[in-house]
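Here's a friendly walk through one protein model. Take a look at the fold below, and then we'll go through it piece by piece.

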Amino acid sequence: MSDEGLALATKAMNAAGQDDAMVADFASRYRLLEQGGSGMIPEATIAPLLEVDQLDQVQVDPEQARDALAHTVVLRLNGGLGTSMGLDRAKSLLEVRDGLSFLDITVRQVLAARKRYGVRLPLVFMDSFRTQADTAEALAKYPELAVDGLPISLLQGQVPKLRADDLTPVSWPEDPSLEWCPPGHGDVYRALYSSGLLDQLVEAGFRYLSLSNGDNLGAAPDERVAGWFASTGAPYAAELCRRTANDRKGGHLAIRKADGQLVLRDTAQTPAEEMDYFTDEHRHPFFHTNNLWVDLRALQSVLGERGGVLGLPLIRNDKTVDPSDGDSTPVVQVESAMGAAIEVFPGATAICVGRDRFLPVKTTNELLLLRSDLYELDNDYRLVAHAETPAVKLGKQYKLVGDFARLVPHPLALRQARSLAVDGEVAFGRDVQVVGDVAIEASEPTTIADGTVLEG
């Protein structure tokens, strides 16, 4: 390895119009990668986080809560395509329920909160170069969304995918767009800074930023959390949920022994031989929801001092240049996580929230749940659960959204279900009900008739 790879990558980024902060941030990660860095956080370097505030136990004055929400900006990550589910456009455009997409429900949650509390509450989507056009088209039907001339879209940066063998930018003439990737959602801070939106928000009188994944409809505007965050005076806070034996994925916060600072450790940052520690819900009792709260003035100060580069930990993501072709050129994607910013802010804190604040859709298993009778949308477009969430495990036949929609065209009745496991190609008719623990194995295509009650 030499300086050649970085020089070629820098040249490509400059030609693509990436700003100086983006190039500098990439260069710092490239050097870590070149030196063999992987961003690993060994268990010996951290102590578990065992106690945090509980949202259902904190007292927040209603007027202070409304005032905090009045000074809050909502930002949703919207750069993902959902390729693992077979999608080729913004994942936020996937229909969730009642004919509404993630994007539709998110917008309506914000509009409802504005009406209920009489606040401005701007909504911004951080798009990638792959999702910006589709998102703009979908948002055109909400002309009332823009606030005080603020943009509703923030464009994430893009960086070259690097050949795994020599760390030079990969070449893929079949589809040159696949030579590029977003630099992880940790780029949100740099994007706010470089675009000028951060300064614009502060000048407009906004103080707090609510950040979350675009596919987590549980992260609706919440005056209680906003009021709690404002009352702490902290520069940064993360929402956590208590882990169960089923919560083996996703990151967790820990205390760095070297300086007592809170840090985020993700799966990709855990040595393989230490995954037992990572997945132990007793050792690390809370998981990280990626719902974040940031003091805009504190962020403005830190980014100003660092030239727009927070210097977040490296995440090395090993892929193939064409995600749909496992035999294509192996590449390394240089990324960062926005939740890792917690280690940049002394005095950062966290709060434990209910599961209603964490309803992501990473697979069709979760999509099945959100489309079922377990949930309803209330008048504020919040998803309200009517029963305990059963464990769902669908076979490989349901992995892609197109196949899932064909096999499960109607919502299932799951309010009396404890678990559902399906192995094989099984098509479900209308008004199918699942009771208790149900396991279905099909060696050939099978159809469950309309109105069937599945039990045992």
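## The cores

The largest nonpolar core has 45 residues, and those with the most contacts inside it are Leu 75, Tyr 189, Leu 192, Leu 211 and Tyr 236. A core here is a set of buried Ala, Val, Leu, Ile, Met, Phe, Trp, Tyr and Cys residues joined through side-chain atoms within 4.5 Å, where buried means under 20% relative accessible area, exposed over 50% and partly exposed in between (1.4 Å probe, protein chains only). Another core, of 40 residues, lies apart from it, with Ile 105, Leu 407, Ala 427 and Leu 454 among them. In soluble globular proteins, nonpolar side chains tend to be buried together.

Before going on, a word on where this comes from: it's a predicted model, so local features need pLDDT of at least 70 and side-chain atom pairs count only at pLDDT 80 or more, while totals for chains, interfaces and linings use all residues. Residues are numbered from 1 along each chain as its sequence is written, and side-chain values use heavy atoms, with hydrogens and water left out.

## The eight-stranded sheet

Now for the strands. Eight of them form an open sheet with mixed pairing, in the order S2-S18-S12-S15-S11-S3-S6-S7. Strands (E, at least two residues) and helices (H or I, at least four) are DSSP runs numbered from the N terminus, and two strands pair if DSSP finds at least two bridges between them. S2 (53–54) and S7 (153–155) stand at the edges with a single partner strand each, so one side of each has no neighbour in the sheet.

Zooming in, S3 (residues 72–78) and S6 (residues 123–127) run parallel and are joined by five bridges. Leu 77 has Met 126 in S6 as its bridge partner.

## Helices that cross

H6 packs on this sheet, touching strands that include S3, S6 and S7, and its direction makes about 105° with that of S7. H10 lies across S3, S11 and S15, at about 85° to S15. Contact means heavy atoms within 4.5 Å. Axes are lines fitted to C-alpha atoms, for helices over the stretch in contact, and angles run from 0 to 180 degrees between N-to-C directions.

How do H6 and H10 cross? The axes of H6 (residues 188–195) and H10 (residues 296–305) come within 11 Å and cross at roughly 80°. H6 and H10 are therefore roughly perpendicular to each other (65 to 115 degrees; under 35 is roughly parallel, over 145 roughly antiparallel and the rest oblique). Tyr 189, Leu 192 and Tyr 193 in H6 meet Leu 299, Leu 303 and Gly 304 in H10.

Leu 369 is found in H11 (residues 364–371). Is Leu 369 buried or exposed? Leu 369 is buried, with a relative accessible area of 11%. Not counting residues up to four places away in sequence, Leu 369 touches Leu 374, Tyr 375, Thr 389, Pro 390, Val 392 and Leu 414.
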